[in-house]
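Reader: I am new to this structure and would like to learn how to read it. Could we go through some features together?
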Amino acid sequence: MGINPNMAEIASLLGETSRATMLASMMDGRFHTASELAYMAAIKPQTASFHLAKLVDGKLVRVEKQGRHRYFQLADEEIAHLLESFLAISPPPEVRSLKQSSQMKLLQGARTCYDHLAGKLGVQLTESLLNAGYLKLEEKQFLITSEGTQFFTEFGLDLDDLKRKRRSFSPACLDWSERRYHLAGALGQGILAHLLSLGWVARVPSIRAIKVTEKGRAGFKEVFRLDI
């Protein structure tokens, strides 16, 4: 018997289509009911509950009870990074409808990866920060420069508060659609939350896509020199 961690056990959890679909649906970072996840995976609620129990036992998903209801969410940011890495090496899905094609374009353009910004917009924003000298990349970690500290503070982020969070501060996350890194961690979460509060971006209902508002287009051009 080997002494290494049992990768086959995790692989078996990811290798079932319904479970993989539900995990991908939870990459928006929000809580979902079993019924919602069953609908997303096109399976019966009882079947979804069976699969979710396995995911909870495998520590990929956590469950929170509110009265009679149970809500499911990815266990943590590290699981989201794991799933994003799997998506990066997975073959693209076969597009079978106009709706599926439209949703895929939205997700590739901008989406949430757990609680930070991903997709083309997430990568463009990250590269803008790198090119401006506000961030630098070292060993899959983004580091804030002195100029970056001033920039993020003036932009409205409380860096000290973000650094106090019990999580990685600014890791590089491999984007599955762009095949390049985007900013994750507490700093990535702080930026997305601030963009939402400014009204520059908004969530798209039902899927984890993010859309840029007209106000956001002007803001991204002025602050980040991005033409969205």
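Reader: Which backbone oxygen lies 2.7 Å from a polar atom of the side chain of glutamine 73?

Author: That is the backbone oxygen of glycine 29. A polar contact is a pair of N or O atoms within 3.5 Å; within protein, one must be able to donate a hydrogen and the other to accept it, and residues adjacent in sequence count only if both atoms are side-chain atoms. Before we go on, this is a predicted model, where local features need pLDDT of at least 70, side-chain atom pairs count only at pLDDT 80 or more, and totals for chains, interfaces and linings use all residues. Residues are numbered from 1 along each chain as its sequence is written, and side-chain values use heavy atoms, with hydrogens and water left out.

Reader: Is glutamine 73 buried or exposed?

Author: Buried means under 20% relative accessible area, exposed over 50%, and partly exposed in between (1.4 Å probe, protein chains only). Glutamine 73 counts as buried because its relative accessibility is 7%. Glutamine 73 lies in strand E2, residues 69–74; helices (H or I, at least four residues) and strands (E, at least two) are DSSP runs, numbered from the N terminus.

Reader: How do I read the packing of H2 and H3?

Author: Two packed helices are described by the angle between their axes and the distance between the axes. Axes are lines fitted to C-alpha atoms, for helices over the stretch in contact, and angles run from 0 to 180 degrees between N-to-C directions. Here helix H2 (residues 17–25) meets helix H3 (residues 34–41) at an angle of about 115 degrees, and their axes are 9 Å apart. Ser18, Thr21, Met22 and Ser25 of H2 make the contact with Leu37, Met40 and Ala41 of H3, where contact means heavy atoms within 4.5 Å.

Reader: What is a nonpolar core, and which residues have the most contacts inside the largest one?

Author: A nonpolar core is a set of buried Ala, Val, Leu, Ile, Met, Phe, Trp, Tyr and Cys residues joined through side-chain atoms within 4.5 Å. The largest has 28 residues, and Phe152, Leu187, Ile191, Leu195, Phe220 and Phe224 have the most contacts inside it. Helix H10 gives the most to this core, with five residues. A second, separate core of 26 residues includes Leu14, Ala48, Phe72 and Cys173.

Reader: What is the phi of alanine 42?

Author: Alanine 42 has a positive phi of about 60 degrees, although it is not a glycine. Alanine 42 sits in the loop between H3 and helix H4 (45–57), and is exposed, with a relative accessible area of 71%.
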